[in-house]
Each structure stands twice: as C-alpha cells, then as structure tokens.
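This report examines the structure shown below.

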Amino acid sequence: VTPLHLRKALGRFASGVTIVTTAECEDEDSVHGMTANAFTSVSLDPPLVLVSISTRAKMDTKIRETGTYGVSILAGDQEPVSLHFAGAAHEPDRVRFVWRRGVPLLEGALVHLACTVVASHPAGDHTLHVGRVEQLWYDDGHPLVFYTGSFRSLELLGRDEPWG
Ligand code: FAD
Ligand code: NAD
C-alpha cells in the first residue's frame, strides 16, 4: 500500500469540509485555523467528536497548547475559505470569526461546534484529538463536499426535517 494509492482510494470516500480553529485567548490575533476533512462523530453520550491532525501541521501543537478547538462545517459557497485555510489561496476578506464559549468559528458555516479536548491519541503521522462538544449551533443549507481531490456543492432535493 503506497501513500499515492491510499490517497486515490480514500479520496473516493466523499466527505464534508471543516475548518478547525483554536485560540489562546478571545482575541482575533491569537486565532489559528486549518482545513480538515478528517472529522468524525464519535459518541452521543457523552457528546464526542474527533479531528485527525498531521503532526506536521502547526494546528497539532496549537491544540495541545489551548486544550480547545472549534469545528466549522462549511457551506457550499465556502470553497475559497477552504482553500485559504489549506494554504492554497489567499482570501483574507472572506475570513470572519464568531465566538462561542471562547472558541473562534467561521462565519457563514452550516455548523459550529465548540469543543474541549478530552484525549489526544498518537496515530502514525497524525494525532487524533477527541473533543467534548460544549456548545453547538447549526443552520440549513447546502454543504461543501470534497471528493477525489475536488470540491463540489451538494444540492439537496428537499429541506431537512429535524430528527426526533
Ligand atoms: P498553516 O499552513 O500555517 O495555516 C493554514 C492557512 O490558514 C494559512 O494560509 C494561514 O495563513 C491561514 N490562517 C491560519 N490562521 C488564520 C487566521 N487567524 N486568519 C486568517 N488566516 C489564517 N490536514 C490534516 O492534518 N488533517 C485533515 O483532516 C486535513 N484535511 C484536509 C482537507 C482538505 C480538503 C484540504 C485541502 C487539506 C486538508 N488538510 C488536512 C491539509 C491542511 O489543511 C494543510 O496542511 C494546512 O496548511 C495545515 O495548516 P497548519 O496548521 O500547518 O497552518
Ligand atoms: P488528496 O487526493 O491528497 O486526498 C484524498 C484523500 O486522501 C483525503 O480525503 C484523505 O482521506 C487522504 N489523505 C490525503 N493526504 C493525506 C495525508 N497527508 N494524511 C492522511 N490522509 C491523507 O487531496 P488533495 O486535493 O491532493 O489534498 C490537498 C492537500 O491536503 C494535500 O497536501 C493533502 O495531503 C492534504 N490533505 C490532508 C489530509 C489529512 O491529513 N488527513 C486530508 C485531505 C487532504
């Protein structure tokens, strides 16, 4: 199994796109963000999610330092934001943060999760940062989708009905 084959295979697992954010204090100058699609729901009770962050990403050290992170699940029109936080484009005018429980999140996203880190597991060249969801917010809309290395906007046929 080569890295190239793995990327080609795993790229066929369609995912949403998130921006993971963290900050030392509630000050825009201390915010760091990066694009991540290795985001997973883990547990409902307690409410846990995880993000898999490369040990080479600055974000890995930042999350260890702050002990908190935000996850913003991007809307279909936020591809430029995704490219910006992957270091593949420079779109500072599209970057605006809102704060929830002292955690910065991206304005215009479909979902905001404010998380406290409960465990950080080494996993090869990544770290799995498990976060407890302390506060959440969501809206209806079209998600940004990443598939075989390209971005798409998923057009939903009907309006989402709430569960339960
Ligand atoms: P940098 O590369 O320094 O920062 C990323 C970019 O965000 C820079 O352009 C920086 O200027 C900008 N930025 C940071 N903070 C701010 C701020 N406060 N205001 C404005 N701009 C800011 N990597 C993973 O480890 N896990 C994944 O799950 C993952 N999924 C990805 C999915 C996709 C679709 C893509 C395109 C990339 C993914 N990556 C993932 C790669 C990751 O996004 C990049 O390697 C990223 O550059 C790593 O960021 P960094 O923390 O090293 O910081
Ligand atoms: P790609 O074809 O590299 O990605 C396809 C899939 O391969 C991804 O969805 C992911 O599941 C996996 N993957 C890719 N790079 C990985 C890595 N370094 N570690 C673990 N899994 C990885 O997509 P692309 O458009 O060429 O990506 C742009 C950049 O973003 C590349 O540098 C890529 O490495 C990085 N990226 C990293 C991750 C990650 O670290 N989990 C995920 C996606 C993209």
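**Overall fold**

The structure is a predicted model. The protein contains three helices and 12 strands. Its radius of gyration is 15 Å, close to the 15 Å that the globule rule gives for 164 residues, so the protein is as compact as a globular protein of that length. Along the principal axes, the C-alpha atoms fill a box of roughly 40 × 40 × 40 Å. The contacts in the protein with a separation of 6 or more include a 61% share made by residues 24 or more positions apart.

The table collects the values that describe the protein as a whole.

| Property of the protein | Value |
|---|---|
| Residues that count as buried, of 164 | 37% |
| Accessible surface | about 10,000 Å² |
| Part of the accessible surface belonging to carbon and sulfur atoms | 54% |

In general, strands of a sheet pair through backbone hydrogen bonds, either parallel or antiparallel.

Strand E11 (residues 144-147) is joined to E12 by four bridges, and the two run antiparallel. Val 145 has Arg 152 of E12 as its bridge partner, while Phe 146 stands opposite Phe 151, also in E12. The hairpin of E11 and E12 has two residues between the strands, and in this hairpin Thr 148 takes a positive phi near 45°.

**Helix H2 and its buried side**

Which residues of helix H2 are buried? In this helix, which spans residues 58-66, they are Met 59, Asp 60 and Ile 63. They cover an arc of only 105° around the axis, which puts them on the same side of H2.

The buried residues of H2 pack against several strands, namely E2 (18-23), E3 (31-36), E5 (48-54), E6 (68-73), E9 (111-123) and E10 (126-138). On the face of H2 turned away from the buried side lie the exposed residues Lys 58 and Glu 65. Gly 67 follows H2 and has a positive phi, near 70°.

His 84 belongs to helix H3 (residues 79-84). Is this residue buried or exposed? Because the cut-off for a buried residue is under 20% relative accessible area, His 84, with a relative accessible area of 19%, counts as buried.

Leaving aside residues up to four places away in sequence, His 84 touches Ala 89, His 90, Glu 91, Pro 92 and Val 95. With Glu 91 there is a polar contact: the side chain of His 84 reaches the backbone nitrogen of Glu 91 at 3.0 Å. Val 95 lies 11 residues from His 84 along the chain, and the C-alpha atoms of these two residues are separated by 8.7 Å.

Note on methods. Residues are numbered from 1 along each chain as its sequence is written. Chains are lettered from A and ligands numbered from 1 in the order in which they are written. This is a predicted model: local features need pLDDT of at least 70, side-chain atom pairs count only at pLDDT 80 or more; totals for chains, interfaces and linings use all residues. Side-chain values use heavy atoms; hydrogens and water are left out. Buried means under 20% relative accessible area, exposed over 50%, partly exposed in between (1.4 Å probe, protein chains only). The arc is that of the directions from the helix axis to the C-beta atoms. Contact means heavy atoms within 4.5 Å. Two strands pair if DSSP finds at least two bridges between them. The radius of gyration is taken over C-alpha atoms; the globule rule is 2.2 Å times the number of residues to the power 0.38. Accessible areas come from the Shrake-Rupley method with a 1.4 Å probe; for residues, only the protein chains shown count as cover. A polar contact is a pair of N or O atoms within 3.5 Å; within protein, one must be able to donate a hydrogen and the other to accept it, and residues adjacent in sequence count only if both atoms are side-chain atoms.
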